[in-house]
Amino acid sequence: MPVNSRFVDELRAIVGSDALVLSPEGRLAYECDMHTLYKGQPDVVVLPSRVDEVQRIVRLCRRERVPIVPRGSGTGLAGGAMAPTGGVMVAMNRMNRVLEIDIPNRCAVVEPGLINLWLTREVAARGYFFAPDPSSQMVSSIGGNVSTNAGGPHCLKYGITTNHVLGLTIVGSSGEPLTLGGKVWDRPGYDLTGVAVGSEGTFGLVTSITVRLTHTPEGVKTILALFATIDAASEAVSAIIAAGIVPAALEMLDDVVIRAIEAGVGAGYPGDAGAVLLIELDGPRAEVEMEAERAVALSRARGALSVRVARDEAERALLWKGRKEAAGAIGRIAPSFLLQDAVVPRSKLPQIMREMQAISARHRVLFANVFHAGDGNLHPLICYDDRDPDELHRAKAANEELLRACIDMGGSVTGEHGVGVDKAQHLGLQYADADLNFMYRLRRVIDPEGLMNPGKLLPSHPACGEGFRARRPVLPEGAWV
Ligand SMILES: Cc1cc2nc3c(=O)[nH]c(=O)nc-3n(C[C@H](O)[C@H](O)[C@H](O)COP(=O)(O)OP(=O)(O)OC[C@H]3O[C@@H](n4cnc5c(N)ncnc54)[C@H](O)[C@@H]3O)c2cc1C
């Protein structure tokens, strides 16, 4: 019997047949995340339901030196949850329970496969919510959010995922569960929970998460401000922040995105606007009223053509539906897009938006913009037709130039989507060799064999000669099915 069949038999003995995906067509569904340029099929997908199963899977993979690729909902935009060298993909979707809701301590303990929005639904009636809200929150998993340190529209005020994670259990490459942090906020020693958040599966498989719950604000107001140009809208962003207002969310959409949303979702965004700002304020009702008036006045002073405050919850929900479904709506105007995630200091927004227009013209590719303007986190969708190799080439060149421009302005190559394989090659733009070497060494201490999500997060860096060493199992095609 070939080694591979025995390996699969051992996996089957751990999780049962219905928790294995072996057929080529089944594994095809796992060959990429939402960054569809990067593809790599796992040799087998396994869906554990319990921590002890995760431990046994990891021990088996370690014994056979088989790479492990963790996966949540596969909505990542950096090529993190795909298997560039094959191996075992561990999909955490069946570990999706809320283990504990602890209102007196304002926290909850959840399994990693739990969908982000489900947690808020679970605690809403008690007056709480889970604050990190990536636009994918209807489908992305909390384990994925933790592993990418996800942001979202409301992270401007509430902070990103790491600010809401109190503790984690991780099954590392030894197969032993490691408990980091807990319900108590401040712990002695290194902040290992902080190190593990955003580690993109390279430290191990997150099997439980203790998250902070946030009290639902008393009042909320959502404002739609319409501008003739993206420049004017960028100036309004700076003015609002400079006035000391911290909106819960401050999102910008350009004319291309507005038209796509209106055709697809019909969210009530004015079709003739050059740009719109979606401004949300929340907190004590009286404070929200006052800040909303100031935000409206500041928008008008910066040239807003019209400003509208959502009258009720239904109108507010519709405005957000448009924003959260923007990426999908772009499908109406382009067969494919590269979704960038770079950051600039907020004060550089007008400058980077002008630079983007120049890059777009130089490379003859359409940029569509929908982004978290309040924290300078850009999300240009660089549109192209994947049937035209020249267009793809130009889109990639435009992408590269934009990243460099952001770094030159003091920004970052990624704000919230993570590194995956997509940004790994770009980390050298941002970090010195010494910084990258330190990260390699840390990774090697935690995962000496380099089995956990190989090829992700860090580039193969010539200066240190370290990096990914995992061995791909030699699997004759079809041997396991
Ligand atoms: C329409 C759309 C909108 C989006 N909006 C946002 C946004 O506003 N903000 C934002 O930050 N992102 C956004 N994203 C990107 C994506 O949704 C986030 O990165 C999300 O956190 C990924 O969660 P996931 O469950 O899909 O993880 P996956 O894509 O499955 O995995 C992401 C990474 O985490 C690792 N991983 C997953 N689960 C585990 C685990 N249990 N243990 C260890 N490692 C694990 C994977 O190996 C991979 O490296 C958006 C994506 C889409 C498609």
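## The shell around the ligand

By class, the shell around the ligand holds 12 nonpolar, 22 polar and 5 charged residues. Ala, Val, Leu, Ile, Met, Phe, Trp, Tyr, Cys and Pro count as nonpolar; Asp, Glu, Lys and Arg count as charged; the others, Gly among them, count as polar.

This is a predicted model: local features need pLDDT of at least 70, side-chain atom pairs count only at pLDDT 80 or more, and totals for chains, interfaces and linings use all residues. Residues are numbered from 1 along each chain as its sequence is written.

There are 39 residues around the ligand, and Gly72, Gly76, Gly80, Gly143 and Gly144 come nearest. Strand S3 (68-71), helix H5 (142-148) and strand S10 (205-212) each give two or more residues to this shell. H5 gives the most, with 5 residues. A residue is near a molecule or strand if its C-beta atom, placed from the backbone, lies within 6 Å of it. Helices (H or I, at least four residues) and strands (E, at least two) are DSSP runs, numbered from the N terminus.

## Domains

The chain is divided into domain 1 (98-215), domain 2 (219-328) and domain 3 (334-408). These bounds come from an automatic or database domain assignment. The centres of domain 2 and domain 3, taken over C-alpha atoms, are separated by 22 Å.

## Where domain 2 touches domain 3

In domain 2, 19 residues are in contact (C-beta atoms, placed from the backbone, within 7 Å) with 15 residues of domain 3. Helix H8 (230-242), strand S13 (249-254), helix H9 (255-264) and helix H12 (326-329) each supply at least two residues of the domain 2 side. H8 has the largest share, 7 residues. By class, this side of domain 2 has 13 nonpolar, 2 polar and 4 charged residues.

Conventions:
Contact = placed C-beta atoms within 7 Å.
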